[in-house]
Amino acid sequence: MYADQFIDRFTHIEGHWEEPLVDACSHPHQNIAGNAYRGCNRSFLPLVSTFRGYRLPLWMTAGQMQDLSVWPRKGTSGVPVSFTDIFIRERETGRRSKVTPEQFDAMTDEQRREKDLMKVFRTRWYKVFNICQTTFSDVYPDTMAEIERLFGADGGQRMDSPQLDDLVSQDSWLCPIRVDPGCMMASYDRETDSIRMPPKFRYSDDRAYYSALLREMARSTGSEMRLDRGIWSDLSGDVAKEALVSELSAASMGAVLGLGVTMDASSERFLKKWIDDIGAQPQFIYEAVREASRAADCLGSVLGLDMVKGVDVCQILERQEKEKAEKAQKRKEERLSRRSDTGTVRIQQRSHSHRRL
């Protein structure tokens, strides 16, 4: 299912280069508790959301839907996401140790050998549903209206990025970025570890300039001095995969910046290879997305776009329920007050009647 989503998207995007690979959204994709998805999910969920037309970057598990008494709409299917569980194991017995990953990291190599411990990474998969796939809006219309106001996507119409402009002008990227008026094509040079960019006026619009810039920044993270993707060991074999990593990284970061990043038209020569490789070996796309997520994390760290706590739907529901209860209590008190006043008036009227008699 994971691979099929990418095959469908790449098949659709061919010949539609003006469409962004991922729709812009100024918020990271998150669960209903407000926790942003990380790792491969950070690149995968926006792509699925774009392809299926979901307007909100908000997801929930089957258990969370059951707790809220909402259900998937007819004909919808969940999306696979991964969760990496990190724990410490005793090598000899194979049992899970009481030592935490933080304690393990603080140990010296000698201490780890003495205790015979090893760190284990276990990836688990489960399904989530976008809030637009569920009956949430039917059950909680007021909450849904508030959520839509809070997220307020701009549809990727933004054309400027002060963050990227400042990064270039202040030379604050991990390697030098040179804007050369004589340059006709953006490129990253491994030998000099520098990015060469044409000026903005050479592009059809500013968004195309930022798209090219983000792709080259993503490529520069693959250097052996940084994430060391080993992409230059065999250029003829890895260049297509590296192009895919840079496209996914640029699309992911561009979406958070509010830019609908479009793919490089020169990537057309890789599309068929990507589709064939994914179809023959689905693990290929998972590895590419994993590397793209690492590159996006690197870009986000430098740009100050670290994943922060987002919109907590549960808190919104609790607050709204509290407000409803307070309004109901106020109305009840007002009714009781009116009844009390009416009763007092009637008693006074009866008293006057008795006096007249």
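Nine aromatic pairs are counted in this predicted model. A pair of aromatic rings is described by the distance of the centres and the angle of the planes. One of the pairs joins Phe 10 and Trp 274, whose rings are 5.4 Å apart centre to centre with 45° between the planes, a tilted arrangement. Phe 10 is buried, because its relative accessible area is 0%. Trp 274 is buried as well, with a relative accessible area of 0%.

Another tilted pair is made by Trp 125 and Tyr 286, with ring centres 5.4 Å apart and planes at 55°. Here too distant parts of the chain are linked: Trp 125 lies in strand 4 (residues 117-130) and Tyr 286 in helix 12 (residues 283-303), 161 residues apart. Trp 125 is partly exposed, as its relative accessible area is 43%, whereas Tyr 286, at 14%, is buried.

| Residue | Relative accessible area | Class |
|---|---|---|
| Phe 10 | 0% | buried |
| Trp 274 | 0% | buried |
| Trp 125 | 43% | partly exposed |
| Tyr 286 | 14% | buried |

Phe 10 and Trp 274 also belong to a cluster linked by ring pairs, together with Phe 6, Phe 44 and Phe 270. Elsewhere, a charged side chain meets a ring: Arg 112 lies over the face of Phe 104, at 4.4 Å from the ring centre.

The buried residues of helix 1 are Tyr 2, Ala 3, Gln 5, Phe 6, Ile 7, Arg 9, Phe 10 and Ile 13. After helix 1 comes Gly 15, with a positive phi near 85°.

In helix 7 (residues 141-151), Thr 143, Met 144, Glu 146, Ile 147 and Phe 151 are buried. These residues lie on the same side of helix 7, because they cover an arc of only 165° around the axis. An α-helix has 3.6 residues a turn, so residues three or four places apart point the same way.

Conventions: Residues are numbered from 1 along each chain as its sequence is written. This is a predicted model: local features need pLDDT of at least 70, side-chain atom pairs count only at pLDDT 80 or more; totals for chains, interfaces and linings use all residues. Side-chain values use heavy atoms; hydrogens and water are left out. Rings of Phe, Tyr and Trp (its six-membered ring) pair if their centres lie within 6.5 Å; planes under 30 degrees apart count as stacked, over 60 as edge-to-face and the rest as tilted. Buried means under 20% relative accessible area, exposed over 50%, partly exposed in between (1.4 Å probe, protein chains only). Helices (H or I, at least four residues) and strands (E, at least two) are DSSP runs, numbered from the N terminus. A charge sits over a ring if NZ of Lys or CZ of Arg is within 6 Å of the ring centre and within 35 degrees of the ring normal. The arc is that of the directions from the helix axis to the C-beta atoms.
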